Amino acid sequence: MKQLLICLALFGATFATSAQTLWRGVPMNASPTQVQTLIAEAQPTTPERRGREAGALLEIPSYPIAGENFAVTFLFEAERLQRIHLVARPGSRERTRALAQELSASLRARYGLPISTKARQDALPGAIDLRWAFRRMTVQLQVPDGETVDLLYSTAIPSRPAGL
């Protein structure tokens with residue numbers, strides 16, 4: 001009996017670690033109900049918001065990360081979670097840069113070196129665009145304007161050949 005329980009525990013641990021998760025342990029393709037079960041702070045968005053941003057069914061208006069408040073939006077396609085978008089506006093360029101550097105270091109520690117860093121001719125000084133790939137998801141950290149920090153967790157759905 002003891003061996004059976006150990007086997008079941010190992011199987012359960014293997015199954016739990018194989019599920020791909022996005023932010024805060026929320027699994028990819030979770031339903032809105034599943035997200036709300038896992039993250040009690042997630043609340044339905046307003047109809048106006050859903051009209052402006054397709055798929056934005058749930059949000060957390062303010063969530064503290066690294067000393068800043070982020071607005072969190074859960075984006076769904078066909079009632080399945082595809083992206084989680086976090087946005088902060090720290091208030092100063094110096095704080096924005098420091099927050100981006102702190103998040104970048106944390107993401108590097110978790111996912112390794114970024115797979116891409118975009119440098120654009122038209123980018124503002126201090127603009128950041130880093131992307132990590134991990135299993136079937138991507139994480140993108142952006143500072144597009146020197147004042148906003150965007151963090152996007154998304155599923156990396158393989159493209160299908162035409163005709164399928």
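Q: What makes E94, Q101 and A109 of α4 exposed?
A: Each has over 50% relative accessible area, the cut-off for exposed (buried is under 20%, partly exposed in between; 1.4 Å probe, protein chains only). This is a predicted model, in which local features need pLDDT of at least 70 and side-chain atom pairs 80 or more, while totals for chains, interfaces and linings use all residues. Residues are numbered from 1 along each chain as its sequence is written, and side-chain values use heavy atoms, leaving out hydrogens and water.

Q: How do you know that the buried residues of α4 lie on the same side?
A: These residues are T96, L99, A100, L103, S104, L107 and Y111. They cover an arc of only 135° (taken from the directions from the helix axis to the C-beta atoms), so they share one side of α4.

Q: What do the buried residues of α4 pack against?
A: They pack against β2, β3, β4, β6, β7 and β8, with contact meaning heavy atoms within 4.5 Å.

Q: What makes the 34 residues a nonpolar core?
A: Such a core is a set of buried Ala, Val, Leu, Ile, Met, Phe, Trp, Tyr and Cys residues joined through side-chain atoms within 4.5 Å. V35 is among the members that touch the most others, and α4 gives the most to this core, with five residues.

Definitions and conventions: Helices (H or I, at least four residues) and strands (E, at least two) are DSSP runs, numbered from the N terminus.
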